Amino acid sequence: MEQKPKIELSTTVIRAEDVLATDIDGEVVMMSIRHGTYSGLDLIGSEIWELMDRPRTVSEICDIMTERYDVERGRCEADVLAYLDDLASDDSIRVVAAAG
């Protein structure tokens with residue numbers, strides 16, 4: 001089994017090419033071509049997904065989210081990292097540059 005790189009604040013991520021996504025009433029619905037699965041993202045998840053239209057570090061994503069929302073930086077980082085780990089677990093995102 002392939003070991004996925006650990007996602008950290010300095011990790012650069014982007015949406016996977018084989019995930020189709022569309023906006024429906026402000027929320028993103030995604031389908032993985034590779035896995036044949038689909039899922040819906042809530043408002044915050046949808047915003048993070050949109051931010052990954054180009055390579056960004058996790059820290060950059062957190063910078064943007066803390067500017068948009070009244071959220072403590074540490075909480076934002078923990079939530080974004082957990083969310084991205086979840087997306088990485090089913091290959092919805094790709095790590096472009098690992099931390100380190």
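Predicted model: local features only at pLDDT ≥ 70, side-chain atom pairs only at ≥ 80, totals over all residues.
**Close-up 1. Arginine 75 and aspartate 79 pair within helix 3.** The two side chains meet in a salt bridge, with an N to O distance of 2.9 Å. Both residues belong to helix 3, where they stand four residues apart, about one turn of the helix.

**Close-up 2. Aspartate 63 and arginine 73 join helix 2 to helix 3.** A salt bridge with an N to O distance of 2.6 Å connects the side chains of aspartate 63 and arginine 73. The pair links distant parts of the chain, since aspartate 63 lies in helix 2 (residues 58-68) and arginine 73 in helix 3 (residues 73-89), 10 residues apart. Aspartate 63 is partly exposed at 35% relative accessibility, and arginine 73 is likewise partly exposed, with a relative accessible area of 27%.

**Close-up 3. Arginine 73 also meets glutamate 77.** The side chains of arginine 73 and glutamate 77 form a salt bridge at 2.7 Å, N to O. These residues are four apart in helix 3, which means that about one helical turn separates them.

**Close-up 4. Asp18, Arg34 and Asp91 form a network.** Salt bridges link these three residues, Asp18, Arg34 and Asp91, in a network. For the model as a whole, the count of salt bridges comes to seven.

How values were computed
Residues numbered from 1 in each chain as written. Heavy atoms only, no water. Salt bridge = Lys/Arg side-chain N within 4 Å of Asp/Glu carboxyl O. Helix = DSSP H or I, 4+ residues; strand = E, 2+ residues; numbered from the N terminus. Buried < 20%, exposed > 50% of the residue type's maximum accessible area, 1.4 Å probe, protein only.
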